[in-house]
Amino acid sequence: MPAVSHPPWLRRLLTPTAWFYAQFMRIRAALYARGTLRSRRLPARVISVGNLTVGGTGKTPLVLWLAQRLQGAGLRVAILSRGYGRRVREARIFGNGIPRVEEAGDEPVLLARRLRGVPLGIAADRFTVGLQLAARHQPDVFLLDDGFQHLRLARDLDIVLLDASDPFAGGYVLPAGALREPVEALVRAQVVVLTRARQVAEDSAIEAVRLYNPRVPVFRARTRLVAVLDATSHKPVPRETLAGVPVLAFCGIGNPAAFWQDVRDWGFRLAGTQAFPDHHRYSADDFRGIVRQADRAGAEALLTTEKDAVNFTVFPPSIPPCYYCRMELEFEDEEGFWSTVLGVLNLRVAREGRYVQ
């Protein structure tokens, strides 16, 4: 997972700064826990989806999964996001249509494409934009994307995602490592989801979680390929289109190695890879470099993620053809996870699928 990976000498150099940062995060969390700093509450239930580390653990696919399940249960859903990488600072609310990446960020745009009609609030101050959303759309549940460290907003359920292959990213706090706060912050989690569970034996990851939060429910999830889409037309293509075809996989996500492994697990023939920074916006020059890399690797097609396709600023090349993967989280115990979410929120769902408070 390491979105932050330093050589040993640099990590040692950064360790004193990391110690002060860790102490600051401990004090901050303690002040919120004691009520010295106050979390503000929105007029609806709030589910936070977050993690302990920088880099990708599957937060956006889980927000998507939750939004679809909650909608299916008859609940009105809204999403709150900081909108990382957007170019405007003002708060934005999107009720219909697809926002531009420049004003919302790539992950909210992806959610808007997949969740038509679900309102989005994009701002650093998610309480204020949440109040505006509540006044306009009266949601029953807010989904707080990447919210574990956003303690200014009260939540009813804290879901923390951990990469099963390295749940604590080596154990080093920023800037020496990838942890956003010390590992003991995991005690705040009410549900833990281990993502990429099929790539490792999860028992050691579960034992590590239990050291810090002995009674938290732990669920396993993996990435499932839903469809392969043409990056120009955005239309699905049969997976057989790429059967046996050598592909160059490229991406700008928090954990590119996980995508490479997914490509192999899905049965594609991986000829080469090319990684870009997280949230990278692709230019014509980038695609020229990708095509050169594909030529060197002997690849006959390009393959990337749906999030990366959102970040294309130009049309991808037609030769070699470019495709992107639409993915979803798949739970080992889906109904157990759903029942736990409803139980913590004090909701129950009737047989016909509607929710009852």
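## Basis

This is a predicted model, in which local features need pLDDT of at least 70 and side-chain atom pairs count only at pLDDT 80 or more, while totals for chains, interfaces and linings use all residues. Residues are numbered from 1 along each chain as its sequence is written, and side-chain values use heavy atoms, with hydrogens and water left out.

## Pocket and cavity

Both kinds of space are found on a 1 Å grid over the protein atoms alone: a cavity is a set of points where a 1.4 Å probe fits but cannot get out, a pocket is an open set with protein on both sides within 12 Å along at least five of seven lines, and lining residues have an atom within 4 Å of a point. Grid points are joined across faces, edges and corners, and a volume is the space filled by probe spheres set on the points.

The largest pocket has a volume of about 1200 Å³, and its lining is made up of 49 residues, with G55, K59, E107, D146 and R180 lying nearest the centre. Two or more lining residues come from each of α1 (8–34), α2 (59–72), α4 (106–114), β8 (218–230), α7 (256–265), α9 (306–310) and β13 (322–331); here helices (H or I, at least four residues) and strands (E, at least two) are DSSP runs, numbered from the N terminus. The lining of this pocket divides into 18 nonpolar, 15 polar and 16 charged residues, where Ala, Val, Leu, Ile, Met, Phe, Trp, Tyr, Cys and Pro count as nonpolar, Asp, Glu, Lys and Arg as charged, and the others, Gly among them, as polar.

The count of cavities of 30 Å³ or more comes to 1, and the largest cavity holds about 40 Å³ of space. Its lining consists of F94, G95, N96, G97, A112, L115, R116, G117, V118 and L120, a group that divides into 5 nonpolar, 4 polar and 1 charged.

## Nonpolar cores

In soluble globular proteins, nonpolar side chains tend to be buried together. A nonpolar core is here a set of buried Ala, Val, Leu, Ile, Met, Phe, Trp, Tyr and Cys residues joined through side-chain atoms within 4.5 Å, and buried means under 20% relative accessible area, exposed over 50% and partly exposed in between (1.4 Å probe, protein chains only).

The largest nonpolar core has 41 residues, of which I47, L62, L66, L70, L143, I159 and F337 touch the most other members. Helix α2 supplies the largest share of this core, 7 residues. Apart from it lies another core of 21 residues, including V173, A185, A208 and V209. With contact taken as heavy atoms within 4.5 Å, and leaving aside neighbours within four places in sequence, I159 is in contact with I47, S48, V49, G50, L62, L66, V191, V193, F337 and V341.

## Single residues

K307 is found in helix α9, and this lysine counts as buried because its relative accessibility is 12%. Beyond its neighbours within four places in sequence, K307 is in contact with D106, E107, L110, G252, I253, D278 and H279.

A154 lies in the loop between β5 (141–145) and β6 (157–163), where it is buried because its relative accessible area is 9%. Leaving aside neighbours within four places in sequence, the contacts of A154 are S39, R40, R41 and V46.

Q23, in helix α1, is partly exposed, with a relative accessible area of 26%. The side chains of Q23 and R26 are joined by a polar contact of 2.6 Å.

## Backbone

Most residues other than glycine have a negative phi, and most peptide bonds are trans.

| Site | Feature | Angle |
|---|---|---|
| L174 to P175 | cis peptide bond | omega near 0° |
| I319 to P320 | cis peptide bond | omega about -10° |
| A169 | positive phi, not a glycine | about 50° |
| H234 | positive phi, not a glycine | near 60° |

P175 is placed in the loop between β6 and β7 (191–195), and A169 is also found in the loop between β6 and β7. P320 is in the loop between α9 and β13, while H234 lies in the loop between β8 and β9 (236–237). A169 counts as buried at 12% relative accessibility, whereas H234 counts as partly exposed at 37%.

Key
A polar contact is a pair of N or O atoms within 3.5 Å; within protein, one must be able to donate a hydrogen and the other to accept it, and residues adjacent in sequence count only if both atoms are side-chain atoms.
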